[in-house]
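Colleague: Please show me the model, and then I will ask about the contact between the chains.

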Amino acid sequence: MSKKEEILTINHIKKDYGSLEVIKDISLTVGKGEVVVVVGPSGCGKSTLLRCINGLETIQGGEISLKGEIISGRQKDMHLVRQKIGMVFQSYDLFPHKNILDNITLGPVKAQHRKKEEAEEEAEKLLVRVGLLDKKDAYPRQLSGGQKQRVAIVRALCMHPEVMLFDEVTAALDPEMVREVLDVMLELAREGSTMIIVTHEMQFARAIADRIIFLDKGEVVEEGTPEEFFENPKTERARKFLNVFEFDTVKGVEDKK
Amino acid sequence: MQDLGIRVLFEGKNLIRLLEGLWVTIEISLLSVLISMILGIVLGMIMTVKNPLVKAVTRLYLEFVRIMPQLVLLFLVYFGMTRAFHVNLSGEVSAVIVFSIWGTAEMGDLVRSALISIPAHQYESGRALGLTEGQIYRYIVIPQTIRRLVPLAINLATRMIKTTSLIALIGVIEVVKVGQQIIEASRLSVPSAALWIYGVIFFLYFIICYPVAKLAARLEKAWNTV
């Protein structure tokens, strides 16, 4: 990995819900422009990891820092930290009572106190990029799942975050809509956005990742480039996990040959 | 002209008296609805508190008021209070008290359900955007709660208006009571008075409640975004 500016540093964090340990001990450093994909069986703590990063969950040990500033364990001003971390959820979670444009500009205008005109202008530009400018006056209920998820990505982008977190953003989508969302993310990656992605789309993970993190039972079991991880997993657990996707993987390999 | 019972309406001040009775109905309804809405919002917010004791007490209150027929509550307050505590409440005051107790319980439950129906993810989305908790309530939670609540609250108001007809039974001279008096007075001269008077009363309730119900339906449709 080339030594770039460190954006996010996670240092031995722990998270439990009472007796249930969700994250045992995870450390991770994400450099500027790096795309880290987190994979693992369900319940391994991937989503919790993302939620801890932007403070939706509190951690019981370790620390998280963003550009050298410690952001974990804060009571005050967490909202200022979150403005620098974009997050997109599985269930899109647009605000149903606001139209698309207002959904996107709410954060920039109210949280960052930017001018409405300027925020709208940027929102429109971003909507053009995801091909949804004609929907700017529509309400979320009028959009398909894939369209909603693209709007949700734009909503997070419009805040100019240092890092974007994607929490299984295609898991709730119909298969034919997955592609349009993944394409948007691929483009972001190409432009050099820093991203942490939790996904079950293994081919996508392979295509987009600079680095794959394999989590199981709350700890990092394996870490490496997509080629290393998918073609030659070092651990038994990773091999077992990847076997579940064997059909996909075999097909993917054959396509390439 | 013997058979045209409708003339009973225009005899003496009958129509004016009916309308005056209607005004009493409206006054008592409006006052009760207003009190219920305000206290109901407070109660609804209290009901979302996770404290088990608070939960139990509010639940008990709600169930009690719901199970009790409003008429029994009215008798309890109007006659019971006088007998037991020598508090001499007028029919009107008793009516407002009873309908406010009932309305507050119902409204509280509506507010509670509207509040808890906002998914946790809406709060989290707001948080992820870097909004403060206050901003999340102001721009995300409260607007959605109101959209869910207003049509339900209006429906409750029409139910309350209709149910005030019960207060004729504790001697308040509202529209139904006036109607009964007119019917009594003209029992011999106009045998079909009951049909005409109650018909008119039906119509009066209708012209009050129908636009209100219609408004609720329209709002519900217009705001069907949530």
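Modeller: This is a predicted model, where local features need pLDDT of at least 70, side-chain atom pairs count only at pLDDT 80 or more, and totals for chains, interfaces and linings use all residues. Residues are numbered from 1 along each chain as its sequence is written, chains are lettered from A and ligands numbered from 1 in the order in which they are written, and side-chain values use heavy atoms, with hydrogens and water left out.

Colleague: How many residues of chain A are in contact with chain B?

Modeller: Contact means heavy atoms within 4.5 Å. On the chain B side, 20 residues take part, and on the chain A side the number is 25.

Colleague: What area do chain A and chain B bury between them?

Modeller: Buried area is the accessible area (1.4 Å probe) that two parts lose on being put together, summed over both. Carbon and sulfur atoms hold 63% of it, and the total for chain A and chain B is about 2000 Å².

Colleague: Which residue of chain A forms a salt bridge with B:Glu124?

Modeller: A salt bridge is a side-chain nitrogen of Lys or Arg within 4 Å of a carboxyl oxygen of Asp or Glu. The rule finds one across this interface. Its closest N and O atoms are 2.5 Å apart, and the partner of B:Glu124 is A:Arg51.

Colleague: Which element gives the largest share of the side of chain A that touches chain B?

Modeller: Helices (H or I, at least four residues) and strands (E, at least two) are DSSP runs, numbered from the N terminus. Helix H2 (78–82), strand S6 (85–88) and helix H3 (100–111) of chain A each supply at least two residues of that side. The largest share is four residues, and it comes from H3(A).
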